[in-house]
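User: Please take a close look at one part of this model, the metal sites. Then carry on into the parts of the chain that lie around them in sequence and beyond.

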Amino acid sequence: MHAARQKPLECAKFLGGDGGLSNFLASALDSVRRSAIDAARRALPQRCELCAASSGDCIVCAECLRELPWLKEVCPVCSLPTSSGEVCGQCLADPPAFDSTIAACAYAFPVDRLIHAFKYQGRLALAEWCADAILAARKTRPSVRPARLVALPLSRERQRERACNQAAEIARALGARIGVELLTDGVRRIRATPPQAALPWTERARNVRGAFACDADMSGLAIAVVDDVMTTGATLAEFAKTLKAAGALRVENWVVARTLPSER
Ligand SMILES: [Zn+2]
Ligand SMILES: [Zn+2]
């Protein structure tokens, strides 16, 4: 019954900057692909990704959705919890290059399971769920309408390992929902960095320094950078710095989940 959901979707490489297809053709194909998936989803009853109960046309059932660790009162800049939604001490003392972060949930059970299934078990239909979670969170936070969406770029090596860039899949779903152009050319990761997870937190900013390049003219644009999980924020801060150096006026991070200090 899940044949339509399990069918591998075209990957970022095929539709995006590395491929031979023009952006126009890619976006036309993308919208055809999305309508087909949406139609298939409506036609087939779903099972909740978390509890396997019947969930109508939803990927996660209403009951499981209610139980997720949604973030509420958070620092608008880095999305870590603060007592009444004020800017946190860390962001006041040492403001990052990005202006704000929309994070839907804490990176904790069972959101970690959903993201794992998305990233490592090829459950690409979860990109749609991730996009919805981000947009739901965005309604409750200060956010400006971006001129462009950009997925946090993976290095070529990482991209090859994973076949697809999941951030690009979420960004594509977001772009289709809010009608904002997804920028796939002109931003790239120029240096593969050791996995951040292997490093102490204090070394992560140094590890990603100079990791990105941007050839696109971002002058005066508000950009939303899409990723699945924000851990320390060091990588997103470095990417925001690159976008600002290319002229971006404002950079917002749009992520599904935020690692909390207690989980580190
Ligand atoms: Zn459920
Ligand atoms: Zn903060």
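Analyst: What follows starts with the metal sites and then moves along the chain to a pocket and the residues around it.

The model is predicted.

For reference, ideal angles for four tetrahedral donors are 109.5 degrees. Cys61 and Cys64 are both buried.

Ala52 is not a glycine, yet its phi is positive, about 70°. Ala52 sits in the loop between α3 (23-43) and α4. Its relative accessibility is 43%, so Ala52 counts as partly exposed.

Now the zinc ion (ligand 2). Its protein donors are Cys75 (SG), Cys78 (SG), Cys88 (SG) and Cys91 (SG). They lie 2.3 Å from the ion. The angles among the four donor atoms are 103 to 116°, and the site is tetrahedral. The donor residues of ligand 2 are spaced C-x2-C-x9-C-x2-C in sequence. Cys88 has a relative accessible area of 13%, so it is buried. Cys91 is at 8% relative accessibility and therefore counts as buried. The limit for that label is under 20% relative accessible area.

Ser79 comes next. It lies in the loop between α4 (62-67) and α5. With a relative accessible area of 0%, Ser79 is buried. What does Ser79 contact, leaving aside neighbours within four places in sequence? The partners are Leu71, Val74, Thr101, Ile102, Ala103, Arg141 and Arg258.

Further along is a proline. Phe109 and Pro110 are joined by a cis peptide bond, with omega about -5°. Pro110 is in the loop between β1 (100-106) and α6. Helix α6 covers residues 111-120. Its buried residues are Val111, Leu114, Ile115, Ala117, Phe118 and Lys119. An α-helix has 3.6 residues a turn, so residues three or four places apart point the same way. After α6 comes Gly122, with a positive phi near 70°.

The second largest pocket is the next stop. How much space lies in it? About 630 Å³. Its lining is made of 25 residues. Nearest its centre are Asp94, Thr232, Gly233, Ala234 and Ala237. Three helices each supply at least two lining residues: α5 (89-93), α10 (204-208) and α11 (234-245). Which helix gives the most? It is α11, with four residues. By type, the lining divides into 14 nonpolar, four polar and seven charged residues.

Helix α11 also holds Glu238. The relative accessible area of Glu238 is 9%, so this residue is buried. Not counting residues up to four places away in sequence, Glu238 touches Val208, Arg209, Gly210, Ala211 and Phe212.

Val187 counts as buried because its relative accessibility is 10%. Its contacts, leaving aside neighbours within four places in sequence, are Val150, Pro153, Ala213, Cys214, Met218, Phe239 and Leu243. Val187 and Thr242 are 55 residues apart in sequence, while their C-alpha atoms are 9.1 Å apart in space.

Ligand 2 has Cys75, Cys78, Cys88 and Cys91 as its protein donors.

Definitions and conventions. Residues are numbered from 1 along each chain as its sequence is written. Chains are lettered from A and ligands numbered from 1 in the order in which they are written. This is a predicted model: local features need pLDDT of at least 70, side-chain atom pairs count only at pLDDT 80 or more; totals for chains, interfaces and linings use all residues. Side-chain values use heavy atoms; hydrogens and water are left out. Buried means under 20% relative accessible area, exposed over 50%, partly exposed in between (1.4 Å probe, protein chains only). On a 1 Å grid over the protein atoms alone, a cavity is a set of points where a 1.4 Å probe fits but cannot get out, and a pocket is an open set with protein on both sides within 12 Å along at least five of seven lines; lining residues have an atom within 4 Å of a point. Grid points are joined across faces, edges and corners, and a volume is the space filled by probe spheres set on the points. Ala, Val, Leu, Ile, Met, Phe, Trp, Tyr, Cys and Pro count as nonpolar, Asp, Glu, Lys and Arg as charged, and the others, Gly among them, as polar. Contact means heavy atoms within 4.5 Å. Donors are N, O and S atoms within 2.8 Å of the metal (3.2 Å for Na, K and Ca); water is not among the atoms, so sites may look incomplete. Four donors count as tetrahedral if all angles lie between 85 and 135 degrees; four count as square planar and six as octahedral if opposite donors are over 155 degrees apart and all others between 65 and 115; anything else is irregular.
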